[in-house]
Amino acid sequence: MSDLKLRPFKFKSTHDQVQFLENPEFESVSFADKLKSSNLYPLKPTGIDILQINVGKMCNQTCHHCHVDAGPTRKEKISQDHMQMCVEIVKSNKIKTVDLTGGAPEMHPHFRDFVRELKMAGAHIINRCNLTILLAHKSYADLPDFFKEYQVEIVSSLPHFSKRHTDRQRGDGVFEKSIMGLKLLNKAGYGLKNSSLKLNLVYNPSGSFLPGSQQELENEFKKQLFKDYGIEFHNLYCITNMPISRYLEYLLTTDNYESYMTTLVNAYNPAAAKGVMCRNTISVSWDGSLYDCDFNQMLDLKVEPKNSQSLKTFNLEDLLSRNIKLGQHCFGCTAGSGSSCGGVTS
């Protein structure tokens, strides 16, 4: 399998990506047809337990697989007004969990205030931390203690327990900095056995194939990271690479798109489809728009009820009765054991 490195290719717009995904050059069954065969169409919400908020696209890394297309030069960030709307929505709708993502969420200038307000609103907070941000600047050095104070659950990407595989996907030097970041979190009490400070890692393949058994990979990660570095963590989440943004470009430029999509379609699992994250999550963009999931957000496929497509018009009843928007990329969440921001779904 070729290394995950992009060759020259770039969609001109998000619209072009959507058009390509929905009109592939090879024959394939639609995702909607698969759901119909499983008596799951139209796909409906089971509730809104999680508000996943993309606070911005600025990041200190530029990962090859990043479906957000984040990086150091991105300037998009959620406004304070939209942050306050999120807090009020959490309060008034008794949403249990807020999942903060980016980019690197911690780079938002009002990140800490946002966490404090969300905690006061009664939410359990998950933060998607890339680990290297903890070492990026002295102003981030206190983050492990800050996370601990507000009982923030940490979810961090670590493609592999080896330097070669991790740096190949995320950039030279990322593995060593990630190990240092994990040690800082362990020092603060995160990831330790019997600790309430949750530290979970995310694995995603470094090529055009599906992840292996989540439990087997978790056991191997725990064994190797503790043996080599004395590092502990709670859970490993396996996430399938979604055929959108940079990863879609990789598939096309390496001539792997057709074979990868065929693999996803053939691996469709009805049990995984029942547990997809879009059924209990609403995704919020940095500009306040609402989506069924983080992946639909990156394709600019807003939620179905037009009168509830933004934080300003958030209506719980409308959102609970909506039909979830579907596309060929959805096969990524239902292949094999399934995939979501919390790992396997079946």
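**Figure 1. Strand S7 and its partners.** Gln52 has Ser283 as its bridge partner in S7. The model is predicted: local features need pLDDT of at least 70 and side-chain atom pairs count only at pLDDT 80 or more, while totals for chains, interfaces and linings use all residues. Residues are numbered from 1 along each chain as its sequence is written, and side-chain values use heavy atoms, with hydrogens and water left out. S1 and S7 are parallel and pair over four bridges; strands (E, at least two residues) and helices (H or I, at least four) are DSSP runs numbered from the N terminus, and two strands pair if DSSP finds at least two bridges between them. Strand S8 (residues 290-291) runs antiparallel to S7, joined by two bridges, and Ser283 has Tyr291 as its bridge partner in S8. Five residues separate S7 and S8 in a hairpin, where Gly288 in the turn has a positive phi of about 90°.

Figure 2. Beyond its neighbours within four places in sequence, Leu51 is in contact (heavy atoms within 4.5 Å) with residues including Ile282, Val284 and Phe314.

**Figure 3. The largest pocket.** This pocket has a volume of about 400 Å³. It is lined by 23 residues, of which Thr14, Lys57, Val68, Arg74 and Met298 are the closest to its centre. A pocket is an open set of points on a 1 Å grid over the protein atoms alone where a 1.4 Å probe fits, with protein on both sides within 12 Å along at least five of seven lines; lining residues have an atom within 4 Å of a point. Grid points are joined across faces, edges and corners, and the volume is the space filled by probe spheres set on them. H9 gives the largest share of the lining, three residues.

**Figure 4. The second largest pocket.** About 230 Å³ of space lies here. Of the 18 lining residues, Ile50, Arg128, Ser340, Cys341 and Gly342 lie nearest the centre.
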